[in-house]
Amino acid sequence: MHMADALLAPAVAATMYAASAVTVGASVKTLRKDETTAKLPTMAVTSALVFAGQMINYTIPGTGSSGHLCGGMMLSALLGPQAGFLSMVVILTIQALFFADGGLLALGANCWNMAFYGCFVGYYLLWRPLIRSKLFSSLGEKAAGRIRIILASVLGCVITLQLGAFSVVLETSLSGVTELPFRAFVGIMQPIHLAIGLVEGLITSAVLLFIYETRPELLMDVNKADTQLSGKLSLKTTLAILAVTAVIVGGGLSLFASANPDGLEWSMFGNAESGYSENMGLDEESFGISSGAADTAAAIQERTAFLPDYGFADSDMAAGTSVSGLVGSAIVAGAAAAICMAGGFFRKKKVAAKA
Amino acid sequence: MDKLSHAQSELREMDALAAECSPIHALHPLCKLLVTVFYIAVTVSFPKYNFSGLVMMVLYPVIAFQVSGIPVGLCFYKLRLVLPLVCAVGLANPFLDHTPLLQLGTITVTGGVVSMVTLMLKGVFSLMASFLLIATTSIDAICAALRKLHVPGILTTLLLLTYRYIGVMLEEVTVMTEAYSLRAPGQKGIHISAWGSFLGQLLMRSMDRAEELYSSMVLRGFNGNFFYADISPFCLNDLLYTAVCAAAFLCARIFDIPGLLGSFFVG
Amino acid sequence: MIEFQNVSFSYDGTAPVVENLSFSISKGESVGLIGANGAGKSTIMKLLLGLLSGQGQIWVAGLEMNKQNLPKIRQTVGFVLQDSDNQMFMPTVYEDMIFGPRNYGLTKEQAEQRVDDVLNRLGLTELKHRYNHKISGGEKRMAAIATILAMEPEVILMDEPSTALDPVNRRTVINTINTLPQTKLIASHDLDMILDTCGRVILLSHGKIVADGSAESILRDRVLLEANRMELPFCLQGRHK
């Protein structure tokens with residue numbers, strides 16, 4: 001989702017530059033000097049690898065198309081949020097300079113949209129709380145660790161990509177270069193990035209799981225659940241995070257399900273989208289992931305939904321659909337809460353039994 | 001995996017271009033960086049209907065490409081990454097903005113069409129300018145310029161180190177994808193069963209590499225300092241170039257030169 | 001110049017990688033370190049550089065290996081890594097070569113002087129301002145050696161200096177090694193190269209010294225070599241019809 005120079009007004013670009021620059025400054029300051037010098041080679045080699053790894057095609061089963069890695073979430077899981085952010089900034093700079101992916105003026109916006117959310121939001125909101133939590137520990141330490149990693153990676157990628165896509169819309173609209181109504185623009189961008197985020201999340205979790213099995217000490221926060229920060233994350237916080245996540249995912253999914261928002265001349269976007277998705281990191285030759293995923297998502301909803309047509313009768317707009325999405329999210333959140341409660345209940349029982 | 005070899009050859013190409021000699025190559029990197037950023041900022045600041053004013057901006061890249069001897073064709077290949085998003089956004093404008101701006105015979109040109117075209121031009125122009133920068137300036141010169149702008153040393157060093165290892169990593173990824181595809185004929189990408197192990201293996205090898213790299217630094221007395229070759233100082237030419245370019249861009253932005261020219265002829 | 005006294009090392013909780021090693025190398029000697037994979041060659045090098053620390057005493061150039069002496073020792077010992085890409089991390093050869101000298105307190109002019117001297121001596125002056133990511137494998141290996149020489153070490157350690165080189169480049173590296181007056185310790189599986197560059201050979205097996213003597217005697221001892229997962233250097237195999 002690289003922003004292009006042309007889509008930004010200078011004032012917006014400057015603001016985003018300032019925001020990213022402040023984050024860079026804060027990151028540099030947070031990383032103690034000795035720590036950075038020791039980490040520098042690792043940061044450089046991993047960012048170079050992520051850069052190269054972004055070009056690997058991952059076949060998405062059942063679709064014939066392929067997904068790609070973006071890397072923010074993975075880098076912060078490996079290096080920590082500050083070092084991960086700096087590494088992403090470097091990757092984005094090299095892409096802007098040498099591959100014209102993004103632009104010089106848009107670099108600040110790109111760092112914010114992709115690196116800031118992926119590294120800081122992804123890490124502090126999802127990775128660290130989830131990995132350090134005791135969620136699922138009733139399943140045994142190893143299995144629980146695996147599930148936490150999958151959950152953190154998938155949710156992390158989905159949410160941070162949603163935030164990133166939203167920022168792209170916001171920045172473009174504020175720059176005044178498009179006639180697209182804000183809501184319609186959002187309605188297109190979020191679903192596409194939901195699919196992309198899911199795939200990226202799965203790839204990220206696969207890689208991190210592999211590391212977890214082979215060299216867990218390379219991952220941030222793993223095995224720290226029982227030490228310094230245990231209990232810092234209460235059940236309540238975890239539930240809140242899960243609920244927020246579910247609402248975002250659910251809202252996005254249902255927007256997604258309403259594949260053809262009427263009322264506007266959207267049909268052309270079918271074509272424009274495909275070119276765009278390529279830019280997003282989807283395979284050039286075989287675009288089709290979002291439609292494939294859309295179908296699947298729609299099919300799943302069709303089978304399981306109890307709100308007919310996922311929308312109110314008098315509304316054809318995507319936003320109308322997302323009300324049902326929110327209801328669905330609430331149910332998912334409820335289910336998640338129930339599962340957590342059950343887990344907590346069993347855990348307590350276990351502790352009691354041991355004592 | 002065509003993308004990998006493409007990336008490798010693109011990097012080689014840019015390196016080769018930056019190593020050539022021309023008056024533009026000889027300019028101070030800081031002056032080129034500032035002029036480029038200023039050019040892009042001015043270009044994108046044109047109002048959406050100001051088509052004629054924007055056209056004026058084509059002159060800088062065209063002249064600079066000629067002076068530096070960089071083939072223009074190469075940069076259009078790179079447009080494939082930027083243009084889709086710009087098009088996706090721009091293509092909606094003609095459908096949504098029906099303000100008639102101009103009557104050409106029986107054809108009415110609407111505001112949407114104009115804003116779409118200016119948007120695309122902005123995309124092309126900014127790309128040409130940044131391509132020109134990197135095609136005439138090596139990455140270490142750019143980093144030197146960034147250091148002059150007080151960008152934290154960690155960031156510029158990381159940039160150089162990463163750039164140094166991108167070639168090595170692209171090579172490793174290429175070798176592994178080749179080895180994979182030789183044993184998995186007919187597969188277009190990496191099968192889901194190998195999603196984790198493929199990059200995971202590479203990642204762990206990279207961690208070992210990073211460790212070796214770090215010992216190589218430590219063994220040579222590393223304590224956080226990097227020493228770079230000097231770049232030539234900012235001289236009169238650089239100052240002149242920056243001033244002339246900046247003045248020209250501002251003129252083009254303030255006065256609608258093509259419009260004035262047109263009205264001179266049309267009357 | 002180098003002395004190991006009863007040195008042992010193990011990664012925590014596992015079987016020792018090197019066990020009760022004692023040997024000494026005198027000034028100007030050129031010693032080949034050979035042994036099967038996992039025999040402990042790299043570990044010895046890392047111990048000597050203070051990258052690992054084990055039990056026992058290690059002396060380098062009259063200095064005992066400990067925290068205080070470590071910077072001095074590292075200034076005395078130059079290490080040529082197996083993968084030159086890991087050694088050459090700066091953008092250009094020149095910047096890589098001044099990295100060590102500048103860090104050890106030389107001024108820009110002094111460092112520059114050293115770089116020119118070394119490059120002249122090795123006949124590599126045209127490499128000076130080339131980019132590390134653009135030079136060939138052979139050039140990279142020579143540049144890595146130059147990088148170490150620019151630090152003017154008294155001891156040079158080399159890890160597989162001849163691997164992945166074509167015959168001509170390999171010969172160039174061998175000839176260069178032979179012109180270096182420093183004390184050298186070379187770990188390699190390339191026994192022909194060891195025979196060409198080293199007067200003395202230490203044969204390791206499972207972290208212990210199996211044989212220590214002149215290169216001529218050890219590298220001709222087919223039975224000894226084969227018992228330790230090695231074979232005669234190709235030039236001594238005498239494959240006649």
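Before we start: the domain bounds used here come from an automatic or database domain assignment. Keep in mind, too, that this is a predicted model.

**Exercise 1. Find which residues of chain B belong to domain 1 and which to domain 2, then describe how the two domains touch.**

Solution, step by step:

1. Start with the bounds. Domain 1 of chain B covers 1-18 + 139-227, while domain 2 of chain B covers 20-137 + 232-258.
2. Now look at the spacing. Taken over C-alpha atoms, the centres of domain 1 and domain 2 of chain B are 31 Å apart.
3. Next, count who takes part, calling two residues in contact if their C-beta atoms lie within 7 Å. Domain 1 of chain B puts in nine residues, and domain 2 of chain B puts in ten residues.
4. Zoom in on the domain 1 side. Both α1 (2-18) and α9 (139-148) of chain B supply at least two residues there, and α9(B) gives the most, with five residues.
5. Finish with the classes. That side of domain 1 of chain B has seven nonpolar, no polar and two charged residues.

**Exercise 2. Work out how many residues chain B and chain C bring to their contact, and which elements of chain B take part.**

Solution, step by step:

1. Count both sides: 21 residues come from chain B and 25 residues from chain C.
2. Pick out the elements of chain B that give two or more residues to its side: these are α10 (153-183) and α11 (195-219).
3. Ask who gives the largest share. That's α11(B), with six residues.
4. Sort the chain B side by class, and you get nine nonpolar, six polar and six charged residues.

Key: Residues numbered from 1 in each chain as written. Chains lettered and ligands numbered in written order. Predicted model: local features only at pLDDT ≥ 70, side-chain atom pairs only at ≥ 80, totals over all residues. Helix = DSSP H or I, 4+ residues; strand = E, 2+ residues; numbered from the N terminus. Nonpolar A, V, L, I, M, F, W, Y, C, P; charged D, E, K, R; others polar.
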